[in-house]
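Here is a brisk report on one protein chain. The sequence and model come first.

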Amino acid sequence: QVKRCAEMSRKLRFFKDQVHKAGLIPSPGPPSHTELDIEELEVQLADHEHELIEMNANGEKLQQSYNELLEFKMVLQKAGDFLVPNGSHSSAQDTELHENNYTNNDIPDTVSLLEQEMQPGLSDHSGVKFISGMVCRSKVLSFERMLFRTTRGNMLFNQVPAEDKILDPSSNEMIEKTIFMVFFSGEQARKKILKICEAFGANCYPIPEDTVKRRQISREVLSRLSDLETTLEAGLRHRYTAISSINFHLTKWIHTVRMEKAIYDTLNMLNFDVTQKCLVGEGWCPVSAKAMIHEALQRASFDSNSQVGIIFHVIDSIESPPTYFRTNRFTSAYQEIVDAYGVAKYQEANPAVYTIVTFPFLFAVMFGDWGHGICLLLGALFIIAREKRLASQKLGSFMEMLYGGRYVLLLMSLFSIYCGLIYNEFFSVPFHIFGRSAYKCRDTTCSDARSVGLIKYRDTYPFGVDPSWRGSRSELPFLNSLKMKMSILFGVVQMNLGIVLSFFNARYFSNSLDIRYQFIPQIIFLNSLFGYLSLLIIIKWCTGSQADLYHVMIYMFLSPFEDLGENELFRGQGVLQVILLLLAAVAVPWMLFPKPLILKKLHTERFQGRTYGILGTSEMNPDEEPDSARHPRSGEDFNFSEVFVHQMIHSIEFVLGAISNTASYLRLWALSLAHSELSTVFYERVLLLCWSYDNLAVRLGGIAVFCFATAFILLMMETLSAFLHALRLHWVEFQNKFYGGDGHKFTPFSFLGFRDD
């Protein structure tokens, strides 16, 4: 059956190639939902193939005959220019004989054919003959050189380009050809010239010397050409009709054959029981789909009048099941972002649930500008509005990427507007959206110089950054401090979330060792250092303290017992620092040593007889399978050194990663600052500068440059840059705390993908 489907696929590829050669656009097919009988389709395809091959063969023969007659006609038309009295060629042939001038009047045996042709009275006795035909224009030079060398120069080669191109029936291309006529003497020369013509693919035609005969043959050729043109046109119309009929049903035929072949390929994976005359197969299915699958099997058994009933039985397996997450149009893109890193292990916590919120938010922290966010929002809404139309079209790689991530783009734009309102940036311009500024000039002299003289005279600006910071001397230090501390807070929160998720993974899989000797020391180590730093940041913001947090964190390691002095933020801070430092120091060996030693002890007890298991029988009972997907195999070898090295690598990676990952979150600050400053440069140094000139051309040029820079640099390049950095923060800094990503995806049998092939 598979071979039959493969043969039908070959015929369908042949039809598709013929449709392409005919210049037809593939038809979507008839809007019929009736299923095709594969037996009838096989016979139908065989008939169509035989008919089409026969039409192609007949068409090629007719086209070949037409080409020969057309070439014969053109050769006859040009033959009269070659076959003229000798005297009229004397001037032309003089130029050919400059190399072979002889002083005596006697003609020796080595005299060339051209010289004999020039001597009066010799042409009648010399037996000069000629061969005429057509050869491809690209081969003319090689063809003439080969003739000259073969005949040792005893020939006259005349050529003229053909006026019309000749259609090649095999390649269906128009070929330029050249009409030639070779004059020679002798039977040996004739044989050699004919072999050369055959080698170069030249077509030779007999041309009579008599003018009357040439005219008579020309009339016959023209008559036959007219008949052949009529026959060719009728054949082409019939072939076009047949191909159009095939093209109308081709898409449905291809889909039917692909489905049929896929069914037989899947059936070949099953085991055939000869005695019971039934197929036995094992596979995976979602638990929620068991009732649907059982009902579908019962319906198939009833429709096919099967004598053997359907048996649908759930069995245990030692293999790890595939991972399946039910997604929709909104969540599928976020799941693809996670799956690009690695597919989750069966029943492992899925990071995509949190990525839906954290990914666009971290993107917006780097991209925060509510003017740019509105532009992204309009683009996302446009794609979503044309969602159904775009789904049925074939898109380019870039547009397909945008279409697949349309809902990611939607949330990124919404979060960008939110963060832009917090940063108070609209294309880098601040606005008094939520009221007046909390600062004013000390006197009238500072109204033009915003860098000095501002004093706070009212309550703090209610939402986001006060617009008065824009353009002030302390703008950059203030925003740098704000965004840097904010980045550290976001990073510590997200890393803690990852460690907490590792606790839920360990609890779900009943792995108490991971909880006691990985989760607890990891949460202690991270928060003893960077959780404490986050606490200091919040206290400093709330109290308005001028403490130097760099000094506090550095001397926490260098001089833990030294008095903090003016850098003390709360009472007992020095004692708390010493306790946290000791906890961080204890957490490292806590992660490193206990787990390998306990695993070795459990392994030793298991094989020294202290712990006994139930002996299994020789036959495997699927209901009491010891090596199920959730339990490791008891017979696996235990290598203490390998386990210890693995745990040491994991511990060192976490300790160093806690520092490097926290520093990695500073990219939120760096990219946000770069985006803001770049927007400011384009606004002040391009738009405002050009607008200051009283020249319409300069102003229009400035607007054009500003729009181009905003669209291609800020909205495209900066969007891609922020997207990639947010992707890295999720893959490396967040997911490596809990996500294994070593599972395999559930890929059920489906016909849906066949329509796109």
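## Overall make-up

What percentage of the 757 residues in the protein chain is buried? Buried residues make up 38%, where buried means under 20% relative accessible area with a 1.4 Å probe, protein chains only.

This is a predicted model, in which local features need pLDDT of at least 70, side-chain atom pairs count only at pLDDT 80 or more, and totals for chains, interfaces and linings use all residues. Residues are numbered from 1 along each chain as its sequence is written, and side-chain values use heavy atoms, with hydrogens and water left out.

The protein chain has 23 helices and ten strands. These are DSSP runs (helices H or I, at least four residues; strands E, at least two), numbered from the N terminus. Take contacts (heavy atoms within 4.5 Å) between residues at least 6 apart in sequence: 77% join residues at least 24 apart.

## Helices α2 and α8

Helix α2 (residues 38-82) packs on helix α8 (residues 211-267) at about 155 degrees, with axes 7 Å apart. Axes are lines fitted to C-alpha atoms over the stretch in contact, and angles run from 0 to 180 degrees between N-to-C directions. That angle makes α2 roughly antiparallel to α8 (over 145 degrees).

## Helix α20

Helix α20 covers residues 594-607.

Definitions and conventions. Expected span 1.5 Å × (residues − 1). Parallel < 35°, antiparallel > 145°, perpendicular 65-115°, else oblique. Buried < 20%, exposed > 50% of the residue type's maximum accessible area, 1.4 Å probe, protein only.
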